[in-house]
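Please read it alongside the sequence and the coordinates.

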Amino acid sequence: MKLDSELRFRILEKVGVYSARFSIPEPKILLTTKEVLEMPKEITQGRRTSAYKYLGVSYIQDNVVFLNVRKIQDDKMLENTIVHELIHMRFPYLSHGRRFNKMVRRGLAGWTFKPYAKRR
Ligand SMILES: [Zn+2]
């Protein structure tokens with residue numbers, strides 16, 4: 001998709017809506033690989049120069065999400081990617097798999113989630 005101010009606004013709006021539903025603080029959103037490279041290396045280490053390969057990347061520790069708009073082809077893919085990354089933020093203990101995918105489907109279907117309570 002072509003990143004212009006209208007799309008940037010729509011993305012931030014969607015992120016706001018889903019963050020509220022998932023009871024997570026709104027992450028800082030990066031929309032270009034340039035923005036990824038401009039972040040402090042400690043935050044993006046591991047997925048910095050490789051970020052361009054992915055549709056999205058969650059830097060969970062620092063509450064930062066990269067959405068690779070250049071690689072995202074349409075609104076449906078955008079919605080899926082936003083929800084995928086925000087599910088990582090809400091369920092940091094889940095890795096990719098059936099349970100993770102179930103949460104993504106629920107997120108896309110409009111479910112709300114209670115705040116994540118860290119276990120001691
Ligand atoms: Zn993922």
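Two residues are taken to be in contact if their C-beta atoms, placed from the backbone, lie within 7 Å. The model is a predicted one, in which local features need pLDDT of at least 70 and side-chain atom pairs count only at pLDDT 80 or more, while totals for chains, interfaces and linings use all residues. Residues are numbered from 1 along each chain as its sequence is written.

**Overall fold**

The protein chain holds five helices and three strands, where helices (H or I, at least four residues) and strands (E, at least two) are DSSP runs numbered from the N terminus. Read from the N terminus, the elements follow the order α-β-α-α-β-β-α-α. The radius of gyration of the protein chain is 14 Å, close to the 14 Å that the globule rule gives for 120 residues, so the chain is as compact as a globular protein of that length; this radius is taken over C-alpha atoms, and the rule is 2.2 Å times the number of residues to the power 0.38. Along the principal axes, the C-alpha atoms fill a box of roughly 35 × 30 × 25 Å. Among contacts in the protein chain between residues at least 6 apart in sequence, 53% join residues at least 24 apart.

A residue is called buried if 20 or more other C-beta atoms lie within 10 Å of its own, exposed if 12 or fewer, and partly exposed in between, with C-beta atoms placed from the backbone. By this criterion, 28% of the 120 residues of the protein chain count as buried. A nonpolar core is a set of buried Ala, Val, Leu, Ile, Met, Phe, Trp, Tyr and Cys residues joined through C-beta atoms within 7 Å. The largest such core has 24 residues, of which Tyr 18, Phe 66, Leu 67, Ile 82 and Leu 86 touch the most other members. At least two residues of this core come from each of helix H1 (5-21), strand E2 (56-59), strand E3 (64-67) and helix H4 (75-90), and H4 gives the most, with six residues.

The buried residues of H4 include Leu 78, Ile 82, Leu 86 and Met 89, and among the elements that cover the buried residues of this helix are H1, E2, E3 and helix H5 (98-108). Leaving aside its neighbours within four places in sequence, Leu 86 is in contact with Tyr 18, Ser 19, Phe 22 and Ile 24.

**The sheet**

The three strands form an open sheet in the order E1-E3-E2, with mixed pairing, two strands being paired if DSSP finds at least two bridges between them. Strand E1 (28-30) and E2 are the edge strands, each pairing on one side only. E2 and E3 pair in the antiparallel sense over four bridges, and Gly 56 stands opposite Leu 67 in E3. In the hairpin of E2 and E3, which has four residues between the strands, Asn 63 takes a positive phi near 55°. H4 packs on the sheet, touching E2 and E3.

| Side of E2 | Buried residues |
|---|---|
| One side | Gly 56 and Ser 58 |

Tyr 54, by contrast, lies in the loop between helix H3 (41-44) and E2, and counts as partly exposed because it has 15 C-beta neighbours inside 10 Å.

Definitions and conventions: Axes fitted to C-alpha atoms, helices over the stretch in contact; angles between N-to-C directions.
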